[in-house]
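Work through the exercises below with the model open beside you. Each task is followed by a solution in steps.

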There are 6 protein chains.
Amino acid sequence: EPNDFVGISFWLISMALVASTAFFFLERDRVSPKWKTSLTVSGLVTLIAAVHYFYMRDVWVATGSTPTVYRYIDWLITVPLLMIEFYLILSAIAKVPGGVFWRLMIGTLVMLVGGYVGEAGYLAVWPAFIIGMIGWAYILYEIFAGEASKINANSAPKSVQSAFNTMRWIVTIGWAIYPIGYFFGYLTGSNPADSAAALNIIYNLADVLNKIAFGLIIWNVAVTESEAKH
Amino acid sequence: EPNDFVGISFWLISMALVASTAFFFLERDRVSPKWKTSLTVSGLVTLIAAVHYFYMRDVWVATGSTPTVYRYIDWLITVPLLMIEFYLILSAIAKVPGGVFWRLMIGTLVMLVGGYVGEAGYLAVWPAFIIGMIGWAYILYEIFAGEASKINANSAPKSVQSAFNTMRWIVTIGWAIYPIGYFFGYLTGSNPADSAAALNIIYNLADVLNKIAFGLIIWNVAVTESEAKH
Amino acid sequence: EPNDFVGISFWLISMALVASTAFFFLERDRVSPKWKTSLTVSGLVTLIAAVHYFYMRDVWVATGSTPTVYRYIDWLITVPLLMIEFYLILSAIAKVPGGVFWRLMIGTLVMLVGGYVGEAGYLAVWPAFIIGMIGWAYILYEIFAGEASKINANSAPKSVQSAFNTMRWIVTIGWAIYPIGYFFGYLTGSNPADSAAALNIIYNLADVLNKIAFGLIIWNVAVTESEAKH
Amino acid sequence: EPNDFVGISFWLISMALVASTAFFFLERDRVSPKWKTSLTVSGLVTLIAAVHYFYMRDVWVATGSTPTVYRYIDWLITVPLLMIEFYLILSAIAKVPGGVFWRLMIGTLVMLVGGYVGEAGYLAVWPAFIIGMIGWAYILYEIFAGEASKINANSAPKSVQSAFNTMRWIVTIGWAIYPIGYFFGYLTGSNPADSAAALNIIYNLADVLNKIAFGLIIWNVAVTESEAKH
Amino acid sequence: EPNDFVGISFWLISMALVASTAFFFLERDRVSPKWKTSLTVSGLVTLIAAVHYFYMRDVWVATGSTPTVYRYIDWLITVPLLMIEFYLILSAIAKVPGGVFWRLMIGTLVMLVGGYVGEAGYLAVWPAFIIGMIGWAYILYEIFAGEASKINANSAPKSVQSAFNTMRWIVTIGWAIYPIGYFFGYLTGSNPADSAAALNIIYNLADVLNKIAFGLIIWNVAVTESEAKH
Amino acid sequence: EPNDFVGISFWLISMALVASTAFFFLERDRVSPKWKTSLTVSGLVTLIAAVHYFYMRDVWVATGSTPTVYRYIDWLITVPLLMIEFYLILSAIAKVPGGVFWRLMIGTLVMLVGGYVGEAGYLAVWPAFIIGMIGWAYILYEIFAGEASKINANSAPKSVQSAFNTMRWIVTIGWAIYPIGYFFGYLTGSNPADSAAALNIIYNLADVLNKIAFGLIIWNVAVTESEAKH
Ligand SMILES: CC1=C(/C=C/C(C)=C/C=C/C(C)=C/C=O)C(C)(C)CCC1
Ligand SMILES: CC1=C(/C=C/C(C)=C/C=C/C(C)=C/C=O)C(C)(C)CCC1
Ligand SMILES: CC1=C(/C=C/C(C)=C/C=C/C(C)=C/C=O)C(C)(C)CCC1
Ligand SMILES: CC1=C(/C=C/C(C)=C/C=C/C(C)=C/C=O)C(C)(C)CCC1
Ligand SMILES: CC1=C(/C=C/C(C)=C/C=C/C(C)=C/C=O)C(C)(C)CCC1
Ligand SMILES: CC1=C(/C=C/C(C)=C/C=C/C(C)=C/C=O)C(C)(C)CCC1
C-alpha cells in the first residue's frame, strides 16, 4: 500500500482537513465578531470534508472504486458554503442584492447535478460534462461580468478587495482542476483502474486548494481587518 | 446504492444538520444576550433532527421502509420549538398574550396527530389527511388573520418585521411541502416502493427548508439586531 | 413497534430531556450570577432524568414491564432538586427558615416511599397509595397554608411572585397526574399489560410537565429578572 | 433486583454524585477566585467518589460481596480532600499553623488503616475497630479542644464561622455513621449476607451526607461570601 | 486481590493523579498569566503520569512483574518537566543562565539511564546504581553549591523564596526515596516477588510526593503571588 | 520488548507530543492575539505528529518494518506548517514578499519527494538522497543568503531576532539529523533490521527536536513579546 497513492492522498488530506478545522475554530476567537461567521463557515467546510474524506478513504481502500456518492454529498454541502463565504465577503463591501446569491446557487446546482449524472452513469459522460461546464460558466459569468462583479467597489478596504479578487481567481483557476479530473477520469478512454486513480488524485488535490487554501485566504482577511479596527 | 437517492438524501441532510448545529451554537457567542435564546433554539432544532436523521437513515437502509415513528417524534419536538421561535420573535416586537402560543400549539398537535394516525394506519389515509390539514389551516388563520397577525406592529425594527413576514411565508409555503409529500406517499395509488421514496424525499427536502433555512433567518435577524445595538 | 406508544413516549421524552438539558446549560451564561444556580439545578434535573429515561426505555422494550426501580431512583434525586428550586425562589423573596425546606423534604420522602412500597409489592397497593397521598397532602399544606405560604410577600418582584404561584399550582395540578397514573396502573383491576401501559404513559406525560415545563418557568423568571437588573 | 436495596443505593448515589460534580464545577464560575479552590475540591471529592461507586456497584451486583478495596481507596483520597477543605476554610479565617493540617492527616490515616485491617481480615474486627476509633477521637480532639478549635476567632465573617461549626458537627455526627456501619457489618454476629447489606447501606448513606452535603455547605459559604464582596 | 497492595497502590495513585490533573487545570484560570505556565506544567506531569499508571497497573495485575519500561518512559518525560518547573521558578526570581538548565538536564539523563540499564538488566545492578547516584549527586551539587544555588537572591518575594527552598528539599529528600526503592528491589538479595512488591510500592509512594506534592507547592506559590499582585 | 528501543521511542514521543499539544493549546490563552496563531500552528504540528506516531508505533510493533508512508504523510503536513511558522515570525519583523514563502515550499517538496522515492524504492537510494539534499540545500540558501535572510532587520524586537536566528540554526543543525538517519538506514550496507532500527531512532530523535523544541522556541518568543506589550 506504499504504492497506493490515491489511498495515501485520502489519508493525507483527511489529516490536513482536521488540522484546518482545528485551526479555523481556534483562530475564531481572535477576530472581530463580524468576521467570526466567516471563520465558522471555513471551519465547517473543512469539518464536513474531513468526515467525508474518512468515508471516501474507507471505500477506496476496501473496494478500489471511486466513492462518487460521498464526494458529491460533500460538494453539495461545501460548495454552497463557499458561495456563502463569497457572499459574506461581498456584503462586507456593499449591500448585495439577494438575487446574486441565488443565481450563484443555481449555477452550482446545475454544475454538480451535471457532474453527478455523468459519474453515476445516468447520462453519457460527454453530455453530462457539458451540462456541468455550463453551470460553472454561468457562475464565472456572474462574478466576472454580472451583478456580483460590479459590487466590488473601491470603497472596500484594500485587504477585502484583494481577497475578493483572489477568490474570483480561485473559482476560475482552482475550480478548473475539477473538470480536468473528470476529463482524465472518464473521457480519455484509458483503462478503468488508471482512470479512477487519476480522477481521485486530481479531485483530492483540487479540494486541498479550494477548501483549505480558500479558508486561509478568508482567515487572512479576517485577521488583517480585525487588527486594523483596533 | 448510488441509486438510492432517498438514502443519500438522509445522509446529506444529517451532515447539513450537524453543520448547522455547530454553526448556530458557535455563532451564539457573538449576538446580544436577548438573541442568544433564539440561536439556542435553532441549534436544538437541528441537533434533535440530526440525531433522528441518523436513525431514520439506518431504518431506511436496513429495511427500505418509511421510518414513520422517528419522523413524527422528531416533528413532535421540533415543530413546537419552531413555534417557540416564532413566539420569541413576536415577543421581541410586542407583549404577546400567552393564548396565542397555546393556540399555535393546539393547531400543531392536531396537524401532527392527524398525519400520524394516517401514516401509521390507524385511520384511512384520506380522513387523517383532512384532520391534519385542519390543524395547519388553523395555524395559518392564527398568524394571518388571528391575534398573532395583529401584533406585528410597525414599531418593531425593520429586520425583525421582515423576519416575521418571512417566517409567516415559511409556515405557508415551506410547510405546504409536507402535505404534498403525504399526497405522493399515500394518495396517488402508485406502488408502495415508489410512494415511500417520494414521501421521504419530499419530507427531507421540506425539512432542509423548514429547519435549516428557518434557523438561518433567525440567525440573520439576531446578528443584524445585535450589531445595530452597539 | 409503531404501536408501542409507551416505548415511543420513552424515546420522545429522552430526546426532549436532552434538548432541555442543553438549553438550560447554554442559557445559563446569559443570566445574572444569582440565577445561574437555578438554571444549573433545572439542567441537572433534566440531565438525570434523561439518563434514567434511556435506561427505562431499554427495560420497557426488552421486557415490556414497568421499570419501577429506575423511575423511583430518578424521582428520589429529581424531586428533592425541584424542592431546592422552590426553596431558591423563595429565598430570592425573603429569608426562609431552614425548617421549611426540611419539612418539604420529609413530605417528599413519605410520598415516594409510599409509592415505592406499593409498586414494588411490599405493601398492598391501596394502603401504600394512601401513605403516598398523605406525604403529598402534607407538602400541599406546607406551601398553601403553612410557613412557606406566608413568605411570598408582596415585596418580591412581580415575575418572582408569579413564578412562585405557578410553581405552587404545578405541585398541585402537575403532581396530581402521578397518583392518577398510579390509580390506572394498579387500582382499576384491568389486565396487567394495559395497566402497565397506562401507568407509564401517564407518568411520562407528568414528567414532561413537571420537569421540563417547571424548568422553563424558572428559566423565564431568571431571564426576566436578569434583564431587569441591567 | 427491585429488592436489592444495596445495589439500588449504589446506583442512586452514583447518579447523585455525578450530578453534584456537575453542580460544583458549573457553580465554580460564579464565586470569587478565592473560593473557587474550595468548589474545585468539593467537585473532585464527588467526582472520585462517583467513579468508585460505579466500580463498587459492579462488584456488588456481580459477586454480592462488599467492595472493601474500592471503598477504602475512595476514602483514602476523599477524606484528605475533605481535610483540605476544612483547612481552606480555617485559613480563610486566620493564619493556621501547618501542624494542624498534618495532625488531622495522621488522625485520618490511623482511622482508615484501622478500619481496613479489620475489614480485610488482617486483624480481629474488634481491635481494628478500636484503632480506628482512636484515630477518629484524635481528630475530634484536635478540632474541638486542640489548636484548630482555638482558631475560629470571632473576626471571621458570620457565614464562615457558622460553616466551620457545621463542618465540626459533620465530622462528629456525620462521621459517626461510619463506625455504626462497621458495627452492624462485623460486630453483631448476624449472618454474613445481612451484615454485608447493612454495612454497605449505612456506609452509602453516610457518604451522601459527608460528601454531597458537606460540599453544599462549602458551596453555600462560597456563594454568600462572594456576593457579600461585590 | 485485597492483599495485592501494589496493585491497590497503582489504582489509588492513578485516581489521585487524575484528580490532581483536573485540579491544576481548573485552578489555572485563577492565577495571573505568568503563573499559568507553571500550573500547565504541573498538570501535564500528573496527566502523563496518570496515563502511565493505568498502563503500569495493567502490566502488574496481568503479569505480576515490574513495569520498568513504562515507568522509565514516564520519568523521562516528567522529570525534565519538573526541571522546567524549577527553572521557571528560578526565572521568576532572576535572569538564569541557560547553562543551568542544561546541566540539570544532563544530570537527570545520567541518573535515569543509570537506573534503566540496571533495572532492565543491561548492566549489573550495583554499577548501574552508582552511575544513577552520580547523576543525582550532580543535580544536588548544582542546586545547593553550583550556579543555581546562587541565584536565589533575597530580592525574590518571600513565597517564591520559600518555594525554591522547599523544592530544593524535595529534590533531596523526596527523590532519595527512589534509590531506596531501587535498593530494596535489587540489592537486598531477597526473593524476586517480595523485591518487586517493595520496589513498586516505594516508587509509587515517591511519585505521590514528587509529582502531586511538588505540584501543590507550585500551585500554592502561584495563588499567593497572583493574589498579592491585585 | 524492554529491548525494543525503537518501539519505546515511538511511545515516548507520542506521549511527549500529546503533552506538547496540550501545552501549546493551553498556553495560547495567555499571549496577545497576534501570537495566538503561532501557538495554534505549533499545537497543530504536535497534534498531527502525535496521531501519526501512534499509527507508526502500531506498524512497528506489529510488523517490525519502517512505517515510511505514515512518516512522510506526517512530514508533508508538518514541514509546511513549520515553514508557515517561519514565515509568521518573519512577517512579525517586516513585510515579507510572498515569493519567499513559495520558494521555501518548493524546496520542502523537492526534499521530501526525493526522500520518499528513495525510501519507498522508486529510485535507487543514492540518487534519491541527492535530490532530497538539493531541496534542503535550496532552503538553506534561501534563509542564509537569499531574500529571507535579508529581512531580519535590526528593527525587530530582540527576542524575535534571536528566535529567527535559533530557527535558522534548527533548520541547519536540527534538520541535518534526518539525512544522517537516512544514511544509517539505507547507505551503510548493514543488515536490514539494524538499519531500520537506526533509521527510526534517529528520525524520532530529530522529530523531538524539530517539532517540540521548535514549538517551545516559538512559545518563548510569544510569551516574552506578549508580556513586553503590557
Ligand atoms: C465544471 C464541472 C465540474 C466541476 C466541479 C467543481 C467546480 C467542483 C467544486 C468543488 C468544490 C469547490 C468543493 C469545495 O469544497 C464537474 C462536476 C467535476 C464535472 C462537470 C464539469
Ligand atoms: C398539513 C399536513 C401535514 C403537515 C405537516 C407539517 C407542516 C410538518 C412540519 C414539520 C416541520 C416544520 C418540521 C420542522 O422541524 C402532514 C402531517 C404531513 C399530513 C397531514 C396534513
Ligand atoms: C401522591 C402519590 C404519588 C406521587 C408522586 C409524585 C407527585 C411524583 C412526582 C415526581 C416528580 C415531580 C418528578 C419530577 O422530576 C405516587 C408516588 C405516584 C403514588 C402514591 C401517591
Ligand atoms: C471511626 C471508624 C471508622 C470511620 C470511618 C470514617 C469516619 C470514614 C469517613 C469517610 C468519609 C468522610 C468519606 C467522605 O468522602 C471506620 C474506618 C469505618 C471503622 C473504624 C472506626
Ligand atoms: C538516584 C537513583 C535513581 C533515582 C531516580 C529518581 C530521583 C527519579 C525521580 C523521578 C521523579 C521525580 C519523577 C517525577 O515525576 C534511580 C534511577 C531510581 C536508580 C539509580 C539511583
Ligand atoms: C535532506 C534529506 C532529507 C531531509 C528530511 C528533513 C529535513 C525532514 C524534516 C522533517 C521535519 C522538520 C519534520 C518536523 O515536523 C530526507 C528526506 C530524510 C532524505 C533525503 C535528504
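**Exercise 1.** In this predicted model, find how far an oxygen atom of ligand 2 is from an N or O atom in the side chain of B:Lys211.

Solution. Select the side chain of B:Lys211 and look for its N or O atom; an oxygen atom of ligand 2 is 3.4 Å away. A polar contact requires a pair of N or O atoms within 3.5 Å, so this pair counts as one. Next, take B:Thr78: one of its polar side-chain atoms lies 3.1 Å from an oxygen atom of ligand 2.

**Exercise 2.** State how much of ligand 2 the protein buries, and which elements give two or more residues to its shell.

Solution. On its own, ligand 2 exposes 540 Å², and the protein buries 100% of that. The elements to list are helix 3 (68–93), helix 4 (98–119), helix 5 (125–144), helix 7 (158–187) and helix 8 (192–229) of chain B. Helix 3 of chain B has the largest share, 5 residues.

**Exercise 3.** Sort the shell around ligand 2 by residue class.

Solution. Start from the 19 residues that surround ligand 2, with B:Thr78, B:Leu82, B:Tyr178, B:Tyr203 and B:Lys211 the closest. Sorting gives 13 nonpolar, 4 polar and 2 charged residues.

**Exercise 4.** Turn to ligand 6 and identify which residues come nearest.

Solution. Of the 19 residues around ligand 6, the nearest are F:Thr78, F:Leu82, F:Trp175, F:Tyr178 and F:Lys211. Then check the polar side-chain atoms: one of F:Thr78 lies 3.1 Å from an oxygen atom of ligand 6, and one of F:Lys211 lies 3.4 Å from an oxygen atom of ligand 6.

Conventions:
Residues are numbered from 1 along each chain as its sequence is written. Chains are lettered from A and ligands numbered from 1 in the order in which they are written. This is a predicted model: local features need pLDDT of at least 70, side-chain atom pairs count only at pLDDT 80 or more; totals for chains, interfaces and linings use all residues. Side-chain values use heavy atoms; hydrogens and water are left out. A residue is near a molecule or strand if one of its heavy atoms lies within 4 Å of it. A polar contact is a pair of N or O atoms within 3.5 Å; within protein, one must be able to donate a hydrogen and the other to accept it, and residues adjacent in sequence count only if both atoms are side-chain atoms. Accessible areas come from the Shrake-Rupley method with a 1.4 Å probe; for residues, only the protein chains shown count as cover. Helices (H or I, at least four residues) and strands (E, at least two) are DSSP runs, numbered from the N terminus. Ala, Val, Leu, Ile, Met, Phe, Trp, Tyr, Cys and Pro count as nonpolar, Asp, Glu, Lys and Arg as charged, and the others, Gly among them, as polar.
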